[in-house]
Amino acid sequence: MNYNIALLKGDGIGPEIVDSAVKVLEVVGKKFGHVFNFTPYLIGGSAIDATGEPLPKETVEGCLASDSVLLGAVGGPKWDTLPGNMRPEKALLGIRSAMGLFTNLRPAKLYPALKGDCPLREDIVANGFDIMIVRELTGGIYFGERGFREGKYGEEAYDTECYSRMEIERICKVAFETAMKRNKKLVSIDKANVLDSSRLWRNVVHKMAKSYPEVEVSDMLVDNAAMQLVRNPAQFDVIVTTNMFGDILSDEASQITGSIGMLPSASLGNNTRGLYEPIHGSAPDIAGWNVANPIATILSAAMMLLYSFNLTKESEAIVNAVNKVLEAGYRTADLAHGAPSLSTTEITDKIIENL
Ligand code: IPM
Ligand code: MN
């Protein structure tokens, strides 16, 4: 088969890690008889520099015309002082929204080879953990009404958390179905002791639970969830939560896997076209040094093969190759703790050798 993939390399380490994933995909294509065509488009700070805007129209059109999208990272100090609607991050929100990607899947699992990198006590992670965070991605406070105004104490700014029943239902449907394919355990995370939007969220979850009698569902307040993630991560199978809570909890979950450089993500909507990106940022401090860990992006490409193209074997081949490389003890600098490490291109080549 032939697949057209839009590449949004973005800023900082984005180009290096996307190049790594492309190399891996090309080899997978050759091995399994597929052709992946790659078309790059501008996004983020590099798009601002070239065109004056973070998300040019051609980028949106190119992504919508593609079979799937692979993204590196956006942002950097150079663009930090721009107004909110001109920041690189706005492009990320814009493309997620333009593509209708309301689901964000963020798997966080502890690779046996990386147990020693987990900052949690050994007995806590003795049995590892394997969590799928289902984060709502196009609603909530990220997209709610906002602004600056004069208030009781003078100038003030506000952002609003708003969720419709429809938005909650569609993300929870994904979460319940994900749970059905895994260990049938779903924890819905909210702040229903304070927020009305969370009370509606909870109400929807409870109603939908009746249609999934096999799934064991529970509610958890987000502050408690932040604690439970480090107290006993193995208690979680599938988590479903709002845009902002999911953003925060997925960073926390990534850290207990050893390195944020390991976590991929898939953003999906109503069709098979998705956007795949590492959950980490653009790491401007190490950009251009060929030292970034490309694994999260390579695993994001593996998620693309699975979720967008239904290429199960091909996707597994990538995950297995990554596993083998880690088992063999190869590490990038983020995981090497000062010991000798492989560069971005070296670890990519190791993964390719193991395909
Ligand atoms: C992420 C990032 C983004 C988010 C930022 C860069 C807009 O933190 O993908 O987790 O908050 O969604
Ligand atoms: Mn984040």
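Q: What makes strand S4 and strand S11 a pair?
A: In this predicted model, 3 bridges join S4 (residues 103-109) to S11 (residues 264-268). A pair needs at least two bridges, so the two strands qualify. They run antiparallel, and Leu105 has Ala266 in S11 as its bridge partner.

Q: How do you know that strand S6 pairs with strand S7, and how many residues lie between them in the hairpin?
A: S6 (residues 146-151) and S7 (residues 154-159) are joined by 6 bridges and run antiparallel. The criterion is at least two bridges, so this is a pair. The bridge partner of Glu150 is Glu155 in S7. The hairpin that S6 and S7 form has 2 residues between the strands.

Q: Why are strand S2 and strand S9 said to stand at the edges of the sheet?
A: The open sheet has 10 strands in the order S2-S1-S3-S12-S11-S4-S5-S10-S8-S9, with mixed pairing. S2 (35-40) and S9 (216-221) each have a single partner strand, so one side of each is left without a neighbour in the sheet. On average, neighbouring strands of this sheet are turned by 25° against each other, direction ignored.

Q: Which strands does helix H8 lie across, and at what angle does it run to S5?
A: Helix H8 (residues 243-255) lies across S4, S5 (130-136), S8 (185-190) and S10 (238-241). Its angle to S5 is about 155°.

Q: What makes Asp19 and Lys9 a salt bridge?
A: The closest N and O atoms of Asp19 and Lys9 are 2.8 Å apart. The cut-off is 4 Å between a side-chain nitrogen of Lys or Arg and a carboxyl oxygen of Asp or Glu, so the pair meets the rule. This pair links distant parts of the chain, with Asp19 in helix H1 (residues 14-32) and Lys9 in strand S1 (residues 2-10), 10 residues apart. The rule gives 19 salt bridges as its count.

Q: How do you know that domain 1 and domain 2 are in contact, and what is the count of salt bridges across their interface?
A: The domain assignment gives domain 1 as 1-100 + 292-355 and domain 2 as 119-256. Their C-alpha centres lie 26 Å apart, while contact is judged on heavy atoms within 4.5 Å. By that criterion, 4 residues of domain 1 are in contact with 6 residues of domain 2. The two domains bury about 460 Å² between them, 74% of it on carbon and sulfur atoms. Leu93, Arg96 and Ser97 supply 79% of the area that domain 1 buries against domain 2. Helix H4 (residues 88-98) gives the largest share of the side of domain 1 that touches domain 2, 3 residues.

Terms used: Residues are numbered from 1 along each chain as its sequence is written. Chains are lettered from A and ligands numbered from 1 in the order in which they are written. This is a predicted model: local features need pLDDT of at least 70, side-chain atom pairs count only at pLDDT 80 or more; totals for chains, interfaces and linings use all residues. Side-chain values use heavy atoms; hydrogens and water are left out. Helices (H or I, at least four residues) and strands (E, at least two) are DSSP runs, numbered from the N terminus. Axes are lines fitted to C-alpha atoms, for helices over the stretch in contact, and angles run from 0 to 180 degrees between N-to-C directions. Domain bounds come from an automatic or database domain assignment. Buried area is the accessible area (1.4 Å probe) that two parts lose on being put together, summed over both.
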